[in-house]
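These notes are for a colleague opening this entry for the first time. They concern the ligand and what lies around it.

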Amino acid sequence: MRVSVGKWTKHKLMLENERLASFLPDTQYLNRTSLNTMLDKYNQIMVKPCNGFQGRGIIQISSLSNEQFVLHIERSETLINGKENIYDYLKENHFPRNRHRYIVQQRIPLATINNNPFDVRVMVQRKKDSLEWAVTGKLARVAANNFIVTNAAKAILSVENAIEISLVNNENIKDIVTDLEEVSLLIAGQLANSYTKKRVYGIDLGIDTEGKVWIIEANLTPAVSMFKLLNDGSYETIKSYKRG
Ligand SMILES: Nc1ncnc2c1ncn2[C@@H]1O[C@H](COP(=O)(O)OP(=O)(O)O)[C@@H](O)[C@H]1O
Ligand SMILES: [Mg+2]
């Protein structure tokens, strides 16, 4: 059976694994009701197209006081009065007419570097005819100024370096890196039950200001060229796993 590759499907597949569940942000399928529920629960939420990529169409909504909300898309901000008006505003201005499948997710308070959030991409691969998953590369992407997504990256750093310069309390860098790798391997193992032919996953993970690791998404066709910039040998490792 062919399984959908959208963000909502993958979220539900990961949620089936108890250990992974503890790393997943609270996430719902978007409709008028779930948007209101999530706005009641969290100060900041992210609305993301199920089949989006490269950060396109992602909307961050932040609550101010007095039922005022800021919608942040790419680098522009819009103020909306009244929670009940947000869904209609999005529908009119941002959702495509024919296709609007979205998820709504609590925003993770991502650790920052010079005020710009960063997140982590971990490559997990297996060789042909092997069932053993390996971490073949990892890097940190810092969002460009005023962007809410890190896909428009201003800088690519090693994960260790990013943690070191971002977190005040960075004495547990090793533990965080262990979590990042362990969660990524677990995701590959879990999703492999459904996407049986896949040999590569590109896992997006967040690290919050307390050093806790969060799952942002699992990509089934991850780009590899950004690993060239690291010069740590990971690009070559990724290529060699791809060959088999
Ligand atoms: N829940 C979240 N909290 C904080 N930042 C997020 C969240 N979801 C997404 N982002 C930011 O947006 C970027 C793109 O989101 P992602 O889910 O990876 O969608 P895409 O498929 O467009 O890459 C992430 O790399 C991250 O920087
Ligand atoms: Mg992504």
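1. In the counts used here, Ala, Val, Leu, Ile, Met, Phe, Trp, Tyr, Cys and Pro are taken as nonpolar, Asp, Glu, Lys and Arg as charged, and the others, including Gly, as polar. On that basis, the shell around ligand 1 holds eight nonpolar, seven polar and seven charged residues. The model is predicted.

2. How many residues surround ligand 1? There are 22, and the closest are Lys7, Lys48, Gly55, Asp119 and Glu217.

3. An oxygen atom of ligand 1 lies 2.5 Å from an N or O atom in the side chain of Asp119. For the side chain of Asn151, an N or O atom is 3.0 Å from an oxygen atom of ligand 1. Ile108 takes part through its backbone, where a polar atom is 2.9 Å from a nitrogen atom of ligand 1.

4. On its own, ligand 1 has 540 Å² of accessible area, and the protein covers 99% of this. The largest cavity is the space that ligand 1 takes.

5. Which elements give two or more residues to the shell around ligand 1? They are strand 2 (44-49), strand 6 (102-106) and strand 12 (213-219). At the level of domains, domain 1 (27-106) and domain 2 (109-243) each supply at least three residues of the shell.

Technical notes: Residues numbered from 1 in each chain as written. Chains lettered and ligands numbered in written order. Predicted model: local features only at pLDDT ≥ 70, side-chain atom pairs only at ≥ 80, totals over all residues. Heavy atoms only, no water. Near = heavy atom within 4 Å. Polar contact = N/O pair within 3.5 Å; in protein donor to acceptor, adjacent residues only side chain to side chain. Areas by Shrake-Rupley, 256 points an atom, 1.4 Å probe, with all protein chains shown as cover. 1 Å grid on protein atoms, 1.4 Å probe; cavity = no way out; pocket = protein on both sides within 12 Å on 5 of 7 lines; lining within 4 Å. Sits in = over half its atoms within 2 Å of the grid points. Helix = DSSP H or I, 4+ residues; strand = E, 2+ residues; numbered from the N terminus. Domains from an automatic or database assignment.
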